[in-house]
Amino acid sequence: MDYRYLPVTGEDKEEMLKTIGVDSIDELFEDVPENIRFSGEMELQNALGETDLLKEMKRLSDRNANVQDCVSYLGAGVYEHYIPTVVDHVLRRSEFYTAYTPYQPEISQGELQAIFEFQTMVSELTGMDIANSSMYDGPTALAEAALMAASENRGKRRTIVVSETIHPEALDVLKTYASGPGITVKIVPEKDGQTDLDKLEDMVDADTAGVIVQYPNFYGTIEDLAAVRKAADKENSLMIVSANPLALGVLTPPGRFGADIVAGDAQPLGIPMQFGGPHCGFFATTKKHIRKVPGRLVGQTEDEDGSRGYVLTLQAREQHIRRDKATSNICSNQALNALAASVAMTALGKKGLKETAERNVKGAHFFKQLLKQKGIQLVYEAPSFNEFVINLGRPVAEVNEQLFKHGIIGGYDLGEVSRDKNGQMLVCVTELRTREQLETFAKHLEVLVHETA
Amino acid sequence: MKQPNQPLIFEQSKPGRVAYSLPGTNIPEQSLSDILPEGSIREEEPALPEVSELQLMRHYTALSNRNYGVDSGFYPLGSCTMKYNPKINEETARMAGFAATHPYQPEAQVQGNLEMMYDLQQALAQITGMDEVTLQPAAGAQGEWTGLMLIRALHEANGETERTEVIVPDSAHGTNPASATVAGFDHVTVRTDARGLVDLEHLKEVTSEKTAALMLTNPNTLGLFEEDIMEMADTIHQAGGRLYYDGANSNAIMGITRPGDMGFDVVHLNLHKTFTGPHGGGGPGSGPVGVKKELIPYLPGPVLTKENDTYYWDNDRPHSIGRVKPYYGNFGINVRAYTYIRTMGAEGLKKVSEYAVLNANYLMRRLEPYFDLPYGRHCKHEFVISGRRQKKLGVRTLDMAKRLLDYGYHPPTIYFPINVEECMMVEPTETEAKETLDAFADAMIGIAKEAEEDPEMVQEAPHTTVVGRLDETLAARKPVLTYNTETSLKSMK
């Protein structure tokens, strides 16, 4: 069989073996002991030619219901937003996607400058001094923020106080990360869809390295960051905010409230949902923490003629130099998705970001009013960005099954998070939802809710 | 040739220009201040650029022209497996059923995604010789940490909490000791011997009842196969430790030998290396982890399960180490890796490894007369040479790497592994033609000659890139990580 990715011909092979001074490729593997040689052929599905493989992949893809063919109200950390067409055209430039980490700055100025611009945009959005070049995703960026907080003060503080209202999977990831170095994770309960601020204040003590909240939180409501700052200040703990970057087009940025670290996922900005990944974590902080930031940083500098250029910088923080003393083991990041987010932020620009964010707020608010009119109960009264919780009074999975018959992918079943939230649905309304779609959805919900009542 | 700077996108901005177009809306206009509480509405707008769509496209096209990828030319960056990134992968990953699905859609709506993931897990288990695979880890470093957390959970379940040490060779990638630290272990270094392999006697010395695991790459970072692997495995296993396989170098062994058959208990793979997920300028990658039976209960949850041709998530995993990443891993990269495996099949993947090794050995022998070769045995998919000889002429490995830029190549990995002086680590990969290897060898030989005859030419390289050598000390001493008008004054120079 011929392989289109393998250019070595029979003639090449003979010449190369001759230069090497062996008779066969097998001889090159003579140091692999006989008893661990793999004999026979690996049991893999048969190889397919390009056309057949495209058909097979299309078959798999078509076995899924996608949000382009349906109308989706799912959010809960992953969002369907308008992605300007230019984003993918830039991503397909293979000088970007077939390169690796820009170790050789002279031939990587394009990537380095794009990431420098990304760092700037993230700093602008979050209201922080600096941002890194990206992390795997929002939850791991948040977990790394917790580890960084615990490494400050010479590692003397060993507790992270986190609100129950952050994304449940982010909380799971945080617990896993914290268990390695033995950091204690204390959970502040939720009250009326927000962090219980009285409990938060009680729980912050002298061992608290950092306090974590999400903005807007998992239930869609907007946390009182000024109060969180106050609680953290009680014991000089760091304030860590996990933020939705699109929401920051309309919400006061965490930096304004004195956040020490802002982490999150740039997925709402130009990155397709892709069944949950790859997305793009971001990490922003203050100048004070610059030498403890995890991941790669791009910095501006000059060449010998004084011409402006960009390099990876402050690398002494990183695993390849510091090895076991590094703040983090992160190596590769999500550079290509950071590029996607940069292009999307450039396309939207100052005006578009604000307009998109406002559309989300207004669309969700309009839908809330509509549901109220239909007698559907909103679980929380607190203000929200583009998500909120409704009570269906019956199993959400059942309702979603019915909705799907009408081409609607219903919201997230909060019964998955905790049993006492059975019957509650987290609904997301983005700028892509039209008035007609919202009215249709409300009508179906009205029928489904009152069916059992 | 040196070129004027590409202005930052912020420097091209002018109020009033846009490059977006939101969908039409007939949702009644409402006032934001009626919806959001006072103090929560943003007052100062973020300084995002304001440009037209063409300005945007020209900017990023200009930036792409100042960048070098595998499609631009030969990229023998050792340990990174910069092979060709198939274009069909980019098409399949963008199919709507894959790209436009939400992770919280009910299982019944996404059976195609689950089927693909399940088959990919099976394929990776077969390639590595492991019993079960999780696709959750985002990248190699996260896979390493996940694997160590699994080993830690196993020891704890067995009541062996005194196992606090992870043994790592001195030639190991920096992520190995860093991952050990993040997983809460201490790390112990084992030496490399004169053969370029792990010093077996030293390994026996540092192995003890405190040993939790040995982390090993095989072939190792010098590109050499650890032929004593079974004895090493016995040493560690007899002491009660486990073996971790860093799959960064798996491009050398597919269909030839499998980590599972070499005695490894846990393995991670870098799907963006061996399995052609593109490197993306630094990511996203994907770092699945495979384990032997005894470690299955500890895998991150949920675990993908199949029953009567239906796929579902098993969330009932009481012994799991917990989640390491939200949702189900870097799914989009996994689609690409699956596409690649289905393109090549078993026979094709074996050929990949054979040709990767053939190409590396050929290039090594062509360079051998001109550079110091610290380890002369057959290499696997990559090899290291030393610039010691040229250093005596005042030409350092860094200089030669920069000179390679003038010849139109991406240089090899340099100064790694850290135990080889003036190291260059070369990994050609199987997707390169002999003509390319010959041209690269000629360039390297030319530079070696220049080092003797015209060292300044090499020392002052690069001469043809858009910027000259950049001042990294300045960047670190006075960090400028974001744009503001003060720092951009020199921009138009």
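The model is a predicted one, in which local features need pLDDT of at least 70 and side-chain atom pairs count only at pLDDT 80 or more, whereas totals for chains, interfaces and linings use all residues. Residues are numbered from 1 along each chain as its sequence is written, chains are lettered from A in the order in which they are written, and side-chain values use heavy atoms, with hydrogens and water left out.

With a relative accessibility of 0%, Thr81(B) counts as buried, a term that stands for under 20% relative accessible area (1.4 Å probe, protein chains only). Leaving aside residues up to four places away in sequence, Thr81(B) touches residues including Lys273(B), His279(B) and Thr429(B), contact meaning heavy atoms within 4.5 Å. Ala248(B) is also among the residues touched, and although it lies 167 residues away along the chain, its C-alpha atom is 8.4 Å from that of Thr81(B). The side chains of Thr81(B) and Glu427(B) are joined by a polar contact of 2.8 Å; such a contact is a pair of N or O atoms within 3.5 Å, of which, within protein, one must be able to donate a hydrogen and the other to accept it, and residues adjacent in sequence count only if both atoms are side-chain atoms.

Because 17 of its 18 residues are buried, α5(B) is largely enclosed by the rest of the structure. After α5(B) comes Gly129(B), with a positive phi near 75°.

| Item | Value |
|---|---|
| Residues from chain A in the contact | 192 residues |
| Residues from chain B in the contact | 212 residues |
| Salt bridges between chain A and chain B | 16 salt bridges |
| Residue pairs in polar contact (both at pLDDT 80 or more) | 96 residue pairs |

Helix α12 (residues 335-373) of chain A supplies the largest share of the side of chain A that touches chain B, namely 25 residues. One salt bridge (a side-chain nitrogen of Lys or Arg within 4 Å of a carboxyl oxygen of Asp or Glu) pairs Arg342(B) with Glu56(A), their closest N and O atoms being 3.9 Å apart.

Definitions and conventions
Buried < 20%, exposed > 50% of the residue type's maximum accessible area, 1.4 Å probe, protein only. Helix = DSSP H or I, 4+ residues; strand = E, 2+ residues; numbered from the N terminus.
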